[in-house]
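Student: Hey, I've just opened this one and could use a hand finding my way around. Can we look at it together?

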Amino acid sequence: MNATSSAGGDRAAARGQYFLTSARLGFRCWSVEDLPLALALWCDREVTRFIGGPLPRAAVERRLSAEIESMSAHGLQYWPIFLLADGAHAGCAGLRPYRLTDRIYELGFHIRPAYWGQGLATEAGAAAVAFGFGALGAAALFAGHHPANATSRRVLEKLGFHFTHEELYPPTGLKHPSYLLTRAEYLGRSAVPSSPRERE
Ligand SMILES: CC(C)(COP(=O)(O)OP(=O)(O)OC[C@H]1O[C@@H](n2cnc3c(N)ncnc32)[C@H](O)[C@@H]1OP(=O)(O)O)[C@@H](O)C(=O)NCCC(=O)NCCS
């Protein structure tokens, strides 16, 4: 086997671990072995600038455990995402419980700074939204952002969310602009194909 076909084989094997893909990204689930990736993401000053600042190591360990637990309990988490082209860790994106009794989940995305400005948050967000209204059967998705985080606001607008109210976000102690995307809005705005793959 030559180097090219070996690299191609590695990429194909890597794709096998993704339960969800978009044009450029693969989603898999966090595991305890991913602590180095979690540290690189949630100890980063730029990534955490608007979400409470860099986490100490012990807090990252707790956050990673909570993500793993959320997958077991609810079938969702802020999944780690990887570039299909080379397997690089690009950040995380996904869902967490918001108001379970009403089947409302919260959307979030944290992209590593080297990959900002390439449309990856929008692409990952669209895949997570499709998963929410598809596999999860969500009635609506909630999202919020720091008042100064204009980039996050723009991503939410591009995903079709509408502003609803301001809500206290304990990690920053500030009222964060909050948004909703209902199932009807999601279906109505695009007659969207149900999975991100079908949209390509
Ligand atoms: C916010 C974040 C997810 C954006 O990721 P990204 O991959 O760069 O986002 P995208 O490239 O998909 O889209 C960014 C959009 O914001 C726009 N934008 C960038 N800077 C902006 C600013 N200062 N004001 C307004 N819009 C801005 C871009 O032009 C783009 O919109 P366009 O496609 O219409 O041109 C990323 O910066 C990040 O991870 N930040 C830290 C974590 C965080 O704050 N997450 C959000 C809260 S959960």
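Student: Which residues does T122 touch, not counting residues up to four places away in sequence?
Tutor: T122 touches V155, K158 and L159; contact here means that the C-beta atoms, placed from the backbone, lie within 7 Å. Bear in mind that this is a predicted model, where local features need pLDDT of at least 70, side-chain atom pairs count only at pLDDT 80 or more, and totals for chains, interfaces and linings use all residues. Residues are numbered from 1 along each chain as its sequence is written.

Student: Okay, and where does T122 lie?
Tutor: In helix α4, residues 120–133. Helices (H or I, at least four residues) and strands (E, at least two) are DSSP runs, numbered from the N terminus.

Student: Why is T122 called partly exposed?
Tutor: Because T122 has 17 other C-beta atoms within 10 Å. Buried takes 20 or more within that 10 Å, exposed 12 or fewer, and partly exposed is in between, with C-beta atoms placed from the backbone.

Student: Switching to strands: how many bridges join β3 to β4?
Tutor: 5 bridges, and β3 (residues 78–83) and β4 (residues 89–99) run antiparallel. Two strands pair if DSSP finds at least two bridges between them.

Methods
Contact = placed C-beta atoms within 7 Å.
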